[in-house]
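Subject: Structure handover

Hello,

Here is the structure I promised to pass on. Please open it first, then read my notes below.

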Amino acid sequence: MAPMKDTDERLLKEEAHRMLTEYMSEHHQRKTPERYAVLDAVYSFEGLFDADQLYQRLEGEFRVSRASIYTTLDLLARIGLVVRNQMPSKVYYERNIPGQVHFYKACTECGKLERFNNDSIGRLLKEMPVKRFHPSMYALTVSGLCSKCLSNINRRKKRLDKKKLPKSKSEAVVKSNGDKEQAKDSARDKKKTNKT
Ligand SMILES: [Zn+2]
């Protein structure tokens, strides 16, 4: 996926503003500046974000309550400007850009969710026929363990194995060889004492 140019970003944002205005006019809702502020904050994220991150981004710039953030996110999802991703650990949001394909790595241990790209599979997904459905955005999640969690688990396992297992064979061999050496030494010592 090629990075978006500034003009594309500006056009996307303008179009999102237009859609929000249109929806609010049609549904006789008040066009409060909070809603546009939330929309702009949503569009400032390149990828995934959660409600807390959105709240933090708005903090200091615009006074918006958490409740208002949630209602606006719901509204934006209804209009199709935002996509909700329900993950085992929490709900993530991201802008809905038609035709985009997103891939995610979801760690089942720490709950971390990260985006990655795969152009060839992305192209295949877009060509995939979906019966009686008009796709707009595609997302594919790969669940598993992130490298940090995997190495932590391996380290823990190694520590446990060390505690559980009896002395390894190689150690035993070294010990028995050592015993032999010691026996030879003592025999030599005996000879010496006999001589004198
Ligand atoms: Zn992890």
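A residue counts as buried if 20 or more other C-beta atoms lie within 10 Å of its own, as exposed if 12 or fewer do, and as partly exposed in between; C-beta atoms are placed from the backbone. Two points on the source come next. The model is predicted, so local features need pLDDT of at least 70 and side-chain atom pairs count only at pLDDT 80 or more, while totals for chains, interfaces and linings use all residues. Residues are numbered from 1 along each chain as its sequence is written.

**Overall**

The chain holds seven helices and five strands. Both are DSSP runs numbered from the N terminus: helices are H or I with at least four residues, strands are E with at least two. Starting at the N terminus, the order is α-α-α-α-β-β-β-β-α-β-α-α. Of the 196 residues in the chain, 11% are buried.

Which residues of α2 are buried? They are Arg35, Val38, Leu39, Ala41 and Val42. Seen down the axis of α2, these buried residues fall within an arc of 160°, so they line one face of the helix. That arc is taken from the directions from the helix axis to the C-beta atoms. The cover over the buried residues of α2 includes α1, α3, α4, β1 (82–86) and β2 (91–95).

A nonpolar core is a set of buried Ala, Val, Leu, Ile, Met, Phe, Trp, Tyr and Cys residues joined through C-beta atoms within 7 Å. The largest one here has 15 residues. Val38, Leu39, Val42, Leu76 and Val82 have the most contacts inside it. At least two core residues come from each of α1 (6–26), α2 (33–43), α3 (51–58) and α4 (66–79). The largest share, four residues, is from α2.

Now take Val82. Contact means C-beta atoms, placed from the backbone, within 7 Å. Neighbours within four places in sequence aside, Val82 is in contact with Val42, Leu73, Leu76, Ala77, Tyr93, Arg95 and Asn96.

**The sheet**

Three strands form an open sheet in the order β4-β3-β5, with mixed pairing. Strands pair if DSSP finds at least two bridges between them. The edge strands, β4 (113–116) and β5 (138–144), each pair on one side only. Strand β3 (residues 101–107) runs antiparallel to β4, and four bridges join them. Tyr104 stands opposite Arg115 in β4.

Best wishes

How values were computed:
Contact = placed C-beta atoms within 7 Å.
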